[in-house]
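Subject: Structure to look at

Hi,

Here is the structure I promised to send over. Have a look at it first, and then read on for what turned up.

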Amino acid sequence: MCTPGNGIDEASIAAPTSDKGALGPAADPTLVADLVTANRILFNQGVLDAFGHISVRHDKDPSRFLCARNMAPGLVTADDIVEFGVDGEPVNARGRAVYLERFIHSEIFRARPDVMSVVHSHSMAVIPFGLVKGFSFRAVTHMGSFIGTCAPVFEIRDVVGEDNDLLISSPKLGAALAQCLGEGTVVLMRGHGSTAVGNSLKQAVFRAVYTEQNARVLSEALRIGPVTGLSEGETRTATRTIDGQSGRAWDLWKLRAEGKV
Ligand code: MN
């Protein structure tokens, strides 16, 4: 029997927005500007649509992070950037709605001091790889080498059972997702999307874009025949080499998002 659900989604619920804690020292305006650019790039590159979000750790207080208010990433401006505390609650939302899934960011920042930026996406090509049991999403291109040989898949039912809305809408779910990510670079979320992390805003953007591209290549290859993925050694070495090149991608993608190239 098929029973229609109640259709609850991120668009239909406004998150609670009461501010908690005092506003600390202002973040570097360059960091805020780069976060705005990152939002525009990820929309322009087709990684985020009306949904999904990117955050960056606060440069003056590593227990805090910055993220846009609840809105489409392609429309974000500096005025839309909100500061969040370690608990994932806003400090200066001033009544504006914030993302329901902000706990993805707060709990990954808490669990991973090395992570400076987090991208949560519903990009289409990645989602199938979180659905098929016994198949590992892995790096098959040198640009996707950071993915490694087996990306973890988060199963929300393991945490809150079958009666869930698939959203990471509590610190408990965020912590479980962070645990599933472990020391990895990207975690798939069954029936939902994926989350990529980086040691900088630019690296996180780069990884989110190439997670999607690696998924497209892998899907195409699987239509043709058995696939040879990168070896563990190849993923390690290629990641090291390509990390030094990510600034080139950022510069191009920024101009493209601005309509200049
Ligand atoms: Mn989501």
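Let me start with the rings. Searching the whole structure turns up seven aromatic pairs (rings of Phe, Tyr and Trp, taking the six-membered ring for Trp, pair if their centres lie within 6.5 Å; planes under 30 degrees apart count as stacked, over 60 as edge-to-face and the rest as tilted). One of them is F129 with F137: the ring centres are 5.2 Å apart and the planes sit at 35 degrees, so this pair is tilted. F129 is buried at a relative accessible area of 6%, and F137 is buried too, at 1%. (Buried means under 20% relative accessible area, exposed over 50%, and partly exposed in between, with a 1.4 Å probe and protein chains only.) Y210 and W253 make another tilted pair, with centres 6.0 Å apart and planes at 40 degrees. Since Y210 lies in helix α5 (residues 201-224) and W253 in helix α7, this pair ties together parts that are 43 residues apart in sequence. Y210 and W253 are both buried. Elsewhere, ring pairs link F65, F84 and F109 into a cluster.

Before going further, a word on what you are looking at. This is a predicted model, where local features need pLDDT of at least 70 and side-chain atom pairs count only at pLDDT 80 or more, while totals for chains, interfaces and linings use all residues. Residues are numbered from 1 along each chain as its sequence is written, and side-chain values use heavy atoms, with hydrogens and water left out. The average pLDDT (the predictor's confidence in each residue, from 0 to 100) is 94, and 93% of the residues score at least 70. Residues 3-12 are a stretch to treat with care: the pLDDT there is below 50, and beyond near neighbours in sequence the stretch has nine contacts in the model (contact means heavy atoms within 4.5 Å). Where pLDDT is low, the predicted coordinates should not be read in detail.

Now the helices. (Helices, H or I with at least four residues, and strands, E with at least two, are DSSP runs numbered from the N terminus.) Helix α1 (residues 29-44) packs with helix α7 (residues 246-257) at an angle of about 80 degrees, the axes being 9 Å apart. Axes here are lines fitted to C-alpha atoms, for helices over the stretch in contact, and angles run from 0 to 180 degrees between N-to-C directions. That makes α1 and α7 roughly perpendicular to each other (65 to 115 degrees; under 35 counts as roughly parallel, over 145 as roughly antiparallel and the rest as oblique). On the α1 side the contact involves D34, T37, A38, R40, I41 and N44, and these meet W250, W253, K254, R256 and A257 in α7. The residues of this contact divide into five nonpolar, two polar and four charged. (Ala, Val, Leu, Ile, Met, Phe, Trp, Tyr, Cys and Pro count as nonpolar, Asp, Glu, Lys and Arg as charged, and the others, Gly among them, as polar.)

Helix α2 (residues 102-111) is mostly covered, with eight of its ten residues buried. Among them are F103, H105, E107 and F109. In α4 (171-181), the buried residues are L173, G174, A176, L177, A178 and L181. They pack against α2, β5 (153-154), α3, β6 (186-189) and β7 (193-198). Just after α4, G182 takes a positive phi of about 55 degrees.

Back in α5, you'll find T211, which is buried with a relative accessible area of 2%. Leaving aside neighbours within four places in sequence, T211 is in contact with V126, F137, F146, I147 and V186.

Finally, some loop residues. R69 lies in the loop between β2 (65-68) and β3 (81-84) and is partly exposed at 25% relative accessible area. Not counting residues up to four places away in sequence, R69 touches D80, V82, R96, A97 and Y99. R94, in the loop between β3 and α2, has a positive phi of about 50 degrees although it is not a glycine. R94 counts as exposed, at 62% relative accessibility. L166, in the loop between α3 (157-160) and α4, also has a positive phi, near 70 degrees. At 27% relative accessibility, L166 counts as partly exposed.

Cheers
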